[in-house]
Amino acid sequence: MKLFDVYPLFPIEPVKATGSWLWDSEGKKYLDLYGGHAVISIGHNHPHFVDALKNQLDKISFYSNSVKNSMQEKLAEKLGQLSGYNNHQLFLCNSGAEANENALKLASFVTGRKKIIAFKKAFHGRTSGAVAATDNPKIVAPFNAGHEIIFLPLNDTAAFDQAIDNTIAAVIIEGIQGVGGIQVPSTAFFKHIAQKTKQAGALLILDEVQSGYGRSGKFFAHQRAGIEADLVTLAKGMGNGFPIGGVLIHPDIKPWSGMLGTTFGGNYLACAAGLAVLEVIEKENLMTNAATIGNYWMEQLNSYPSILEVRGQGLMIGFDLPESLAALRKDLLFKHHIFTGEAKPNTVRLLPSLAITKTEADLLLEALATELKQAVVL
Ligand code: PLP
């Protein structure tokens, strides 16, 4: 059977990884500044993470959500403690898209409304339709039965004020837009939409799938604005490579049996991975490291004249290049063995492990100095 060919692939096959480093099948070593789309939060194969998974495999790896699972409670406890959202409730699922589906559905259930405000360049996942095609009124929210999404420009309070009213079920916004090219909502915009959303009786959904889990230097990127969301969605860095997602749900939202559900969500292995990630983030002060290395990188990147703009917070950074330097990302990979990400048209995205060291961070700066100098001379 052939694979369904939807991914443009680099001709590199990683076969081993540790910390910020990968090795390919030919034994070549690469610095990973992308973490497979911001997934590697505590570093590849962190020993505490590996031990936690191995220990759990020795006990039990799976049973359904029809039995008590105290691993989920432990994970919820630790997540509440580290994130500051300890009064919210946790629903566990398997991916970012699933987390967002559940959040939108919850907002629709709570408000009885179907309309959603989202933002231009946003990315929230790739699912649709499964609930709408399910014949069970108890689990289909008005949103699932037909919805309207209004896309607004980010950081435009006037456009927001025109669109928000008491027909809106939810406003969904990323803590920092990732796929959209590292676009940062301003603190003033966050505060404004939090207040207006509440006044309209709508729910605020913060998609922290990419920007969360300490990446921005705060546990969630929106927390720098001092706001609280009704629903926060999680995935990616939550499991450091083990698939796990979640929704943090405001304490006023009351569950009913069967309201949300999933087969795999919250399984023992996922919880063991999730718990190990939080323990390492706490023990190794990774949020502080993300802020320190992130600030250092931003400062240094801003000093390269050929970089047009640098955006981001902590270790979620994007920098724009002129068209003449469009090949830089490939050069970083094939000449310097450094993995980075991209956003169209010419933004390089940096989403390394939160445990990256300054020495590792300097390797990027050295490679850029070589490449950008060459580009200027040419
Ligand atoms: N939300 C954001 C902000 C994302 O960046 C992504 C994936 O890139 C998703 C949701 C979807 O997550 P997943 O691919 O785990 O479904």
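**Group meeting: a predicted chain and its ligand**

I will open with His337, which is found in the loop between helix 9 (328-334) and strand 13 (338-339), where helices are DSSP runs of H or I with at least four residues and strands are runs of E with at least two, numbered from the N terminus. The phi of His337 is near 60 degrees, a positive value in a residue other than glycine. At 22% relative accessibility His337 counts as partly exposed, since buried means under 20% relative accessible area, exposed means over 50%, and partly exposed is in between, with a 1.4 Å probe and protein chains only.

Before going further, a word on provenance. This is a predicted model, in which local features need pLDDT of at least 70 and side-chain atom pairs count only at pLDDT 80 or more, while totals for chains, interfaces and linings use all residues. Residues are numbered from 1 along each chain as its sequence is written, and side-chain values use heavy atoms, with hydrogens and water left out.

Now the chain as a whole. The protein chain has 10 helices and 15 strands. Its radius of gyration is 21 Å, close to the 21 Å that the globule rule gives for 378 residues, so the chain is as compact as a globular protein of that length; that radius is taken over C-alpha atoms, and the rule is 2.2 Å times the number of residues to the power 0.38. Taken along the principal axes, the C-alpha atoms fill a box of roughly 65 × 55 × 45 Å, and buried residues make up 53% of the 378 residues.

Let me turn to the ligand. Which residues are around it? They are Ser95, Gly96, Ala97, Asn100, Phe123, His124, Gly125, Glu174, Asp207, Val209, Gln210 and Lys236, a residue being counted as near if one of its heavy atoms lies within 4 Å. By class, this shell has 3 nonpolar, 6 polar and 3 charged residues, with Ala, Val, Leu, Ile, Met, Phe, Trp, Tyr, Cys and Pro counted as nonpolar, Asp, Glu, Lys and Arg as charged, and the others, Gly among them, as polar.

As for polar contacts, these are pairs of N or O atoms within 3.5 Å; within protein, one must be able to donate a hydrogen and the other to accept it, and residues adjacent in sequence count only if both atoms are side-chain atoms. An oxygen atom of the ligand is 2.8 Å from a polar backbone atom of Gly96, and a nitrogen atom of the ligand is 3.5 Å from a polar backbone atom of Phe123. From the side chain of Lys236, a polar atom lies 2.8 Å from a ligand oxygen. Taken alone, the ligand exposes 390 Å², and the protein buries 81% of that, with accessible areas from the Shrake-Rupley method and a 1.4 Å probe; for residues, only the protein chains shown count as cover.

Helix 4 gives the most to the shell around the ligand, with 3 residues. At 1.5 Å a residue, the 16 residues of helix 4 (residues 96-111) should span 22 Å, and the end C-alpha atoms are 23 Å apart, which agrees; the expected span is 1.5 Å times one less than the number of residues. Helix 4 is mostly covered, as 13 of its 16 residues are buried, and just after it Gly112 takes a positive phi of about 75 degrees.

Helix 7 (residues 268-283) can be described in a similar order. Its 16 residues should span 22 Å at 1.5 Å a residue, and its end C-alpha atoms are 22 Å apart, which agrees. At its start, a side-chain oxygen of Asn267 reaches to within 3.1 Å of the backbone nitrogen of Leu269, and helix 7 is followed by Asn285, whose phi is positive, near 50 degrees.

Finally, some backbone and loop details. His37, in helix 1 (residues 35-38), has a positive phi near 60 degrees in a residue other than glycine. Ser41, in the loop between helix 1 and helix 2 (47-59), counts as buried at 2% relative accessibility, and a polar atom of its side chain lies 2.8 Å from the backbone oxygen of Gly237. A cis peptide bond joins Lys344 and Pro345, with omega about -5 degrees, and Pro345 is placed in the loop between strand 14 (341-343) and strand 15 (347-350).
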